[in-house]
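Subject: Structure for your set

Hello,

Please find the structure below. My notes come after it.

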Amino acid sequence: MSLLAVENLTVAFPGHVAVREVSFAIEPGETLALVGESGCGKSVTAFSMMRLLPPNARVVTGRILLDGADLMAASPAEMREVRGKKISLIQQEPMTSLNPVLSIGTQIGEVIRRHEKVSRRTARARCIELLDLVSIPDAHRRIDDYPHNLSGGMRQRVMIAMAVACGPKLLIADEPTTALDVTTQAQVLDLLDDLRRRLSMAVLLITHDLGVVAQWADRINVMYAGRIVEQAAIRPFFAQPMHPYSRGLLGARVDVDADEHYSASRLSEIPGSVGSAAGEAGCPFAPRCPMVETSCRVVPPSLLAFEAGRRVACPVSLQAVTLEAARHG
Amino acid sequence: MAEPLLSVRDLHTRYAVGKQVLRAVDGVSFEVGRGETVGLVGESGCGKSTLGKTVLRLVPSVEGAIVLDGADITRLGDGAMAQHRRRMQMIFQDPFGSLNPRQTIRTVLDTALKVHRQGDRAERRRRMTEIVERVGLPADALDRYPHEFSGGQRQRIGIARALVLRPALIVCDEPVSALDVSIQAQILNLLVDLKRDLGLSYLFISHDLSVVRYFADRVLVMYLGRIVESASHATLWRDPRHPYTKALFAALPSTDPTHKRGAPPIKGELTTDLSSGCRFCSRCPAATDRCRSEEPLLRSVGEGHHAACHYA
Ligand SMILES: Nc1ncnc2c1ncn2[C@@H]1O[C@H](COP(=O)(O)OP(=O)(O)OP(=O)(O)O)[C@@H](O)[C@H]1O
Ligand SMILES: Nc1ncnc2c1ncn2[C@@H]1O[C@H](COP(=O)(O)OP(=O)(O)O)[C@@H](O)[C@H]1O
Ligand code: SF4
Ligand code: SF4
Ligand SMILES: [Mg+2]
Ligand SMILES: [Mg+2]
């Protein structure tokens with residue numbers, strides 16, 4: 001059984017639908033990436049899984065199954081038990097999720113004592129261990145520091161320490177390194193990966209950076225305008241991205257392995273912007289898609305199985321790939 | 001060699017932080033040739049934006065010289081500076097933050113033109129229509145407000161505002177960092193086209209070495225207020241010499257999952273304490289005793305290639 005399964009999740013805000021019919025599962029111990037441009041619904045999906053949606057959001061349909069039990073039906077008290085202990089979340093903005101007037105030791109201690117009946121003293125000792133675990137030097141001194149004394153990378157390490165304090169089975173990391181330099185990003189993602197193995201937890205890694213996905217994830221879900229448009233394991237995905245949006249994303253990136261230069265080659269663009277799709281029927285990517293056909297404008301395509309572990313919400317590409325394969329037979 | 005468009009000599013910029021002095025730019029020299037793009041890369045806080053703003057005289061320098069088109073503008077007063085301001089413009093990371101939400105795009109552009117006394121009414125009108133089309137905005141954009149545009153379109157407005165004045169030099173400060181990948185490519189391509197068509201020169205600031213190397217002719221790598229390596233884009237890619245530059249390259253995540261990723265090349269983050277010796281030595285994997293006591297100076301390590309490392 002999967003560790004966690006999101007089934008047919010649709011979340012709406014007044015006037016618009018942010019997440020549409022999203023389904024995916026996370027297996028124990030794996031890193032699953034959730035990728036897409038800003039506003040496509042990644043954070044709303046994450047908040048739904050924690051039942052931490054803002055009050056103006058409404059879950060229209062969907063279940064979140066944790067070890068088989070539906071979190072959507074859990075009581076507030078049950079949810080408090082789940083958060084931190086079974087699933088934790090590292091939020092996009094480290095500064096807004098740390099309390100500026102409390103020392104980091106106090107904040108991590110609170111998380112521990114919320115779930116476990118231990119003395120302050122024990123909590124403090126655990127806290128130092130945790131700071132050590134996330135490689136903060138001089139943990140016994142740093143524990144009394146306040147968030148503003150720490151650099152961006154250190155704050156993110158503190159967030160990670162808080163998130164893993166009670167040994168969750170799933171860690172949701174919402175753009176954990178977007179605000180950091182690449183040098184710090186590599187350190188923080190290696191730390192997350194190391195903790196995943198040592199604590200045998202699964203990680204849902206939310207990012208918009210395909211390089212991060214290629215290097216640190218096992219599987220990928222690509223989202224576009226609230227829907228999942230492609231699901232795949234990492235190697236087949238990067239060997240042959242299938243959805244036109246996935247291909248566009250990969251093509252628009254400056255390739256770090258090649259000596260590309262503006263004087264010799266142009267970057268390939270995805271024309272338009274996400275907003276182009278507003279109010280249209282059919283495939284949400286149609287206004288920007290180089291492969292669009294008239295049939296695409298009728299109903300939004302659902303995810304179709306291509307091979308084991310791979311699904312793509314684009315019948316046109318699926319057909320093209322199948323024909324191509326037959327020709328090379 | 002032809003006279004460069006911009007020549008910066010031994011520039012220093014300091015900020016007062018409480019009782020302490022922060023040397024945000026600490027002795028930087030470089031040139032930007034006509035039609036050239038110079039890239040400036042380094043981690044957050046190393047002084048890139050401060051350098052850009054100092055060059056544009058938006059932040060005062062305490063030492064050094066800024067020469068634009070042969071004229072020393074380092075200490076010109078407001079009156080004398082006015083004619084040079086139009087010639088150098090800036091494009092910001094967050095175009096929204098720098099646009100007044102209550103002004104239509106027409107007001108934004110017209111104000112810029114009026115401040116710099118550009119043309120009569122008809123001429124200004126013509127130039128505004130022309131630039132809006134040139135940066136790829138719809139024709140009706142002029143009479144709309146900033147919030148009616150997407151992030152990418154707002155960046156096009158920022159570009160139009162800089163270009164309507166027909167500058168020679170543009171400082172682009174992280175112009176694509178806040179944009180989605182699919183939009184970044186559109187904006188970078190637009191900047192390339194504009195440079196070619198209008199003969200612009202760019203100082204292109206970014207923390208992303210892959211973008212800088214693609215977009216610049218020459219690259220300056222900055223660390224704690226100093227340039228630690230400078231080279232043409234091709235040389236830097238083929239033969240980076242400074243351990244910091246190598247670390248920046250190594251930290252870029254490849255989209256090839258079979259490309260084995262090594263351990264993070266450097267530990268820790270940028271600090272602001274300037275000890276004696278090499279500024280990078282607390283993080284440098286190759287540091288020796290010499291590095292801790294003797295500061296390496298920027299020296300030539302090849303044709304048009306400079307590095308500030310004892311062992312480069
Ligand atoms: N107005 C200011 N007053 C005091 N210190 C400042 C000011 N502006 C910048 N600094 C400091 O100067 C140093 C250089 O800052 P700067 O903004 O130039 O860096 P940067 O390389 O552009 O960084 P980023 O990539 O984050 O934009 C930093 O230590 C910063 O905290
Ligand atoms: N509190 C909110 N009120 C109204 N709309 C919201 C709210 N939070 C998010 N949204 C909308 O939901 C959609 C998905 O947002 P989000 O999940 O934050 O995107 P991202 O993929 O960048 O994390 C966007 O259209 C966003 O504007
Ligand atoms: S369904 Fe049609 S419009 Fe949508 S991605 Fe596929 S080809 Fe493009
Ligand atoms: S001078 Fe020494 S510490 Fe500095 S970069 Fe070179 S090897 Fe490293
Ligand atoms: Mg988000
Ligand atoms: Mg800056």
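The notes cover the interface between two chains and the surroundings of one ligand.

This is a predicted model, in which local features need pLDDT of at least 70, side-chain atom pairs count only at pLDDT 80 or more, and totals for chains, interfaces and linings use all residues. Residues are numbered from 1 along each chain as its sequence is written, chains are lettered from A and ligands numbered from 1 in the order in which they are written, and side-chain values use heavy atoms, with hydrogens and water left out.

Interface of chain A and chain B

Chain A brings 49 residues to the contact and chain B 43 residues (contact: heavy atoms within 4.5 Å). About 4,100 Å² is buried between the two chains, 55% of it from carbon and sulfur atoms (buried area: accessible area, 1.4 Å probe, lost on putting two parts together, summed over both). On the chain A side, Gln215(A), Val256(A) and Tyr262(A) lose the most area to chain B, together 18% of what that side buries.

The rule finds 2 salt bridges across this interface (side-chain nitrogen of Lys or Arg within 4 Å of a carboxyl oxygen of Asp or Glu). One of them pairs Arg266(A) with Asp193(B), with 2.9 Å between the closest N and O atoms.

Ligand 3

Residues around ligand 3 (a heavy atom within 4 Å) include His243(A), Cys283(A), Cys289(A), Cys296(A) and Cys314(A). By class, this shell has 11 nonpolar, 1 polar and no charged residues (nonpolar: Ala, Val, Leu, Ile, Met, Phe, Trp, Tyr, Cys and Pro; charged: Asp, Glu, Lys and Arg; polar: the others, Gly among them).

Regards
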